[in-house]
Amino acid sequence: MAPKSISFARGAPSLDIVDVDGLREAAERAFITDPGGVTAYGTSIGYPPLREWIAEQHGVDPGRVIVTNGSMQADAFLFDALIEPGDSVVVERPTYDRTLLSLRTLGADVRMVELEPDGIDVAALERVLVAGASPKLAHIIPNFQNPAGYTLSADKRERLLALARAHGFTIFEDDPYWSLRFEGEHLPSILSMDGETVVYASSFSKTVCPGIRVGYLVGPEDLIARIAKIATSTYISPGMVAQAIVHQFCVSGALERSIETVKAALSERARTLSEALRRELPDARFIDPQGGYFLWVELPRGTNVAALFDAAASRGVLFVKGSDFVLEGADDCLRLAYSGVTPDEIEEGIKRLAEAHSEVAAVGAPAA
Ligand SMILES: Cc1ncc(COP(=O)(O)O)c(C=O)c1O
């Protein structure tokens, strides 16, 4: 019998940490309190009470917020509004594979700048800029980055902003993991440091559930108004039912409780994963996460992660190859998502991954 599948591949929460009852109750309240608003087409800027709630959280005017069907849709609208084929865009290396794909599909000239454990290498970015690069946008995932799990330091937030102001580019702060810090101190968003240079995106996928498909953008009012027009011609309006449910979930205090549940599980899962990796794969290099969903593993130079992927898959263990998150290289790296696996599954999954690693190492070793 094939072994039970254990997936470290998807950046999604497991069902046991989704507040299904809370969502059902929020849905009931949404239909009872606002049947007209929930069932109508609504407006392209999103369900107005949720838009206002989000604006209040960020201390901005609601005119600076648009609520979308997931933050991927927010990203797509932003790129549609700002990026023309050939435009230069800076991204972190490695970065979220879907953003990379969207930008490349749009014909952007994507420039990767190395990501360090305290965030993008700002000195390297400065060298790129001084050498003549003139990006329109820098895409930055500041907290518990996907795929690396790293967080941009306070000092680098200031330096990045100074570079953006001096060289006239927009920082796209893509921030779905901010509230999922289970260790250490929260850092201020770059948006809160400069509302003109920064466009901010976030999502309820990681704190409530991804199936609800609610995300949002905060940006300068004129840009948000342009994006609202694109949204109207794309889908008239986003799903009002989902957004009204999220609104009820937020105002009732269920969101805060859900975040606590998710954080407690992530903390335990991250610790279990780090310990299992140290025990089973002592050559693996990684940084213990302080929040978020992901852990980035560097295996010894020359390790064939593509072969490891196949050997692990034959044992029912899935992960994403590091090479999916870069334009080239990262062939000895992998991303492990610990959000969707229980501690027991993590223990078992890493044991099987270590077996797969031994098999690949034996095949790859030069003949004696
Ligand atoms: C950095 C980043 N941005 C955006 C998204 C997409 O989120 P959503 O489910 O809101 O579309 C993800 C999901 O993994 C992500 O990691």
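How many residues surround the ligand, and which are the closest? There are 13 of them, and the closest are Ser-71, Tyr-177, Ser-203, Ser-205 and Lys-206; a residue is near a molecule or strand if one of its heavy atoms lies within 4 Å of it.

Before I continue, a word on the basis of these values. This is a predicted model, in which local features need pLDDT of at least 70 and side-chain atom pairs count only at pLDDT 80 or more, while totals for chains, interfaces and linings use all residues. Residues are numbered from 1 along each chain as its sequence is written, and side-chain values use heavy atoms, with hydrogens and water left out.

The shell around the ligand divides into five nonpolar, five polar and three charged residues. Here Ala, Val, Leu, Ile, Met, Phe, Trp, Tyr, Cys and Pro count as nonpolar, Asp, Glu, Lys and Arg as charged, and the others, Gly among them, as polar.

Let me turn to polar contacts, meaning pairs of N or O atoms within 3.5 Å. A polar side-chain atom of Ser-205 is 2.6 Å from an oxygen atom of the ligand. For Asn-146, an N or O atom of the side chain lies 2.8 Å from a ligand oxygen. Asp-174 places a polar side-chain atom 3.0 Å from a nitrogen atom of the ligand. Taken alone, the ligand exposes 400 Å², of which the protein buries 94%; accessible areas come from the Shrake-Rupley method with a 1.4 Å probe.

Asn-146 also has a backbone detail: its peptide bond to Pro-147 is cis, with omega near 20°. Pro-147 lies in the loop between strand E6 (137-140) and helix H7 (154-167). Helices (H or I, at least four residues) and strands (E, at least two) are DSSP runs, numbered from the N terminus. A cis peptide bond also leads from Arg-93 to Pro-94, with omega near 5°. In general, most peptide bonds are trans.

Next, the sheets. Eight strands form an open sheet with mixed pairing, in the order E2-E9-E8-E7-E6-E3-E4-E5; two strands pair if DSSP finds at least two bridges between them. Why is one side of E2 and of E5 left without a neighbour in the sheet? Strand E2 (65-68) and strand E5 (119-120) stand at the edges, so each has a single partner strand. Helix H3 (residues 48-58) packs on this sheet and touches E2, E8 and E9, contact meaning heavy atoms within 4.5 Å. The direction of H3 makes about 125° with that of E2; axes are lines fitted to C-alpha atoms, for helices over the stretch in contact, and angles run from 0 to 180 degrees between N-to-C directions. Strands E8 (residues 198-203) and E9 (residues 215-218) run antiparallel and are joined by four bridges, with Tyr-200 partnered by Val-218 in E9.

An open sheet of three strands has the order E10-E13-E12, with antiparallel pairing. E10 and E13 (residues 333-337) pair over five bridges, and the partner of Trp-296 in E13 is Arg-335. Helix H10 (residues 254-280) packs on this sheet, touching E10 and E13.

Terms used:
A polar contact is a pair of N or O atoms within 3.5 Å; within protein, one must be able to donate a hydrogen and the other to accept it, and residues adjacent in sequence count only if both atoms are side-chain atoms.
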